[in-house]
Amino acid sequence: MAKLSVNINKIATLRNSRGGNNPDLVKVALDCERFGAEGITVHPRPDERHIRYQDVFDLKAVINTEFNIEGNCSEQKFVDLVLANKPAQVTLVPDALGQITSNHGWDTITHKSYLQDMVAMFKEAGIRVSIFVDPIAEMVEAAALTGTDRIELYTEAYAHDFFKNKEEAIKPYVVAAEAANALGLGLNAGHDLDLHNLKYFSENIPGLLEVSIGHALISDALYLGLENTIQLYLRQLSN
């Protein structure tokens, strides 16, 4: 069964919209763990529009499950933050400055040498590394050459096409997953996975270790409650 890591960026967005500390980000993270989440994900950005850099320190001090920090390693401030906190996992995402949300994976062929240096640095600090990639076998194969421990498949295209033709939507992800398995890469996935499309994805992707879900899960929690929502997502992962 793949692990569920809850991305709490949207909780930070809500808190920041009014200032103060309501909702309490740390309490929400601990509640997610208490309700069954097996990891907490944050994606701090340079403008700190949701996750603040201090949040990372506050969370690292109390989280008992896996802590996953996502972000762009071309930003030295992000690199320093990760090395100072030493999470269980760092996920390298090629975000542009000011980007609203992640919308593509790394070109691991073009940036192979750079990623090799970044991966080696984080691994030397004892941090597991995952690289965000599109579901393209060649990008998976090049990712393996960087020395990364895992890849995270960018699943927006799957989610977008799921209701049109789920069999076709998942095909490139199966191919990418099989390539990752053959190369000995751990396999994560994330972006726009939800209660409608998660079960089919988890049932058909071989070797899936972890999904990171934020926007959909937090949105569902507004209607269903946080504890119930986390349990519903865990149920989708129990093949």
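Predicted model: local features only at pLDDT ≥ 70, side-chain atom pairs only at ≥ 80, totals over all residues.

I take buried to mean under 20% relative accessible area and exposed to mean over 50%, with partly exposed in between.

**Aromatic pairs**

I counted 8 aromatic pairs. I looked up Tyr158 and Phe201: their ring centres sit 5.0 Å apart with the planes at 55°, so I logged the pair as tilted. Tyr158 belongs to helix H7 (residues 156-161) and Phe201 to helix H9 (residues 198-204), so this pair links distant parts of the chain, 43 residues apart. Tyr158 has 0% relative accessibility, so I call it buried. Phe201 is also at 0% and buried.

Next I checked Phe162 and Phe163, which pair edge-to-face at 5.0 Å centre to centre, with 80° between the planes. Phe162 is buried at 9%, whereas Phe163 is exposed at 65%. Ring pairs join Tyr158, Phe162, Phe163, Tyr173, Tyr200 and Phe201 in a cluster.

**Salt bridges**

I found 13 salt bridges in the structure. Glu66 bridges to Lys3, with the closest N and O atoms 3.7 Å apart. Glu66 is in strand S3 and Lys3 in strand S1 (residues 3-7), so this bridge ties together parts 63 residues apart in sequence. Glu66 is buried at 18%, while Lys3 is partly exposed at 35%.

I then looked at Glu210 and Arg150, whose closest N and O atoms are 3.7 Å apart. Glu210 sits in strand S8 (residues 208-213) and Arg150 in strand S6 (residues 150-154), so here the parts tied together are 60 residues apart in sequence. Glu210 is buried at 3%, and Arg150 is buried at 13%. I traced a network of salt bridges through Lys3, Glu66, Arg128, Arg150 and Glu210.

Lys77 bridges to Glu48 at 3.4 Å between the closest N and O atoms. Lys77 lies in helix H4 and Glu48 in the loop between S2 and H3, so the bridge connects parts 29 residues apart in sequence. Lys77 is partly exposed at 42%, and Glu48 is partly exposed at 27%.

**Helix H3**

Which residues of H3 are buried? I got Tyr53, Asp55, Val56 and Leu59 for this helix (residues 53-60). They cover an arc of only 150° around the axis, so they are on the same side of H3. The buried residues of H3 pack against helices H1, H2 and H4 and strands S2 and S3.

**Surface patch**

Last stop: Leu222, Tyr223 and Leu224 make a nonpolar surface patch, together about 420 Å² of accessible area. Tyr223 is in helix H10 (residues 215-224) and is exposed at 76%.

Notes: Residues numbered from 1 in each chain as written. Heavy atoms only, no water. Patch = residues over 30% accessible without salt bridge, like charges linked within 9 Å, V, L, I, M, F, W, Y side chains within 5 Å. Areas by Shrake-Rupley, 256 points an atom, 1.4 Å probe, with all protein chains shown as cover. Salt bridge = Lys/Arg side-chain N within 4 Å of Asp/Glu carboxyl O. Helix = DSSP H or I, 4+ residues; strand = E, 2+ residues; numbered from the N terminus. Buried < 20%, exposed > 50% of the residue type's maximum accessible area, 1.4 Å probe, protein only. Arc of directions from axis to C-beta. Contact = heavy atoms within 4.5 Å. Phe/Tyr/Trp six-rings, centres within 6.5 Å; stacked < 30°, edge-to-face > 60°.
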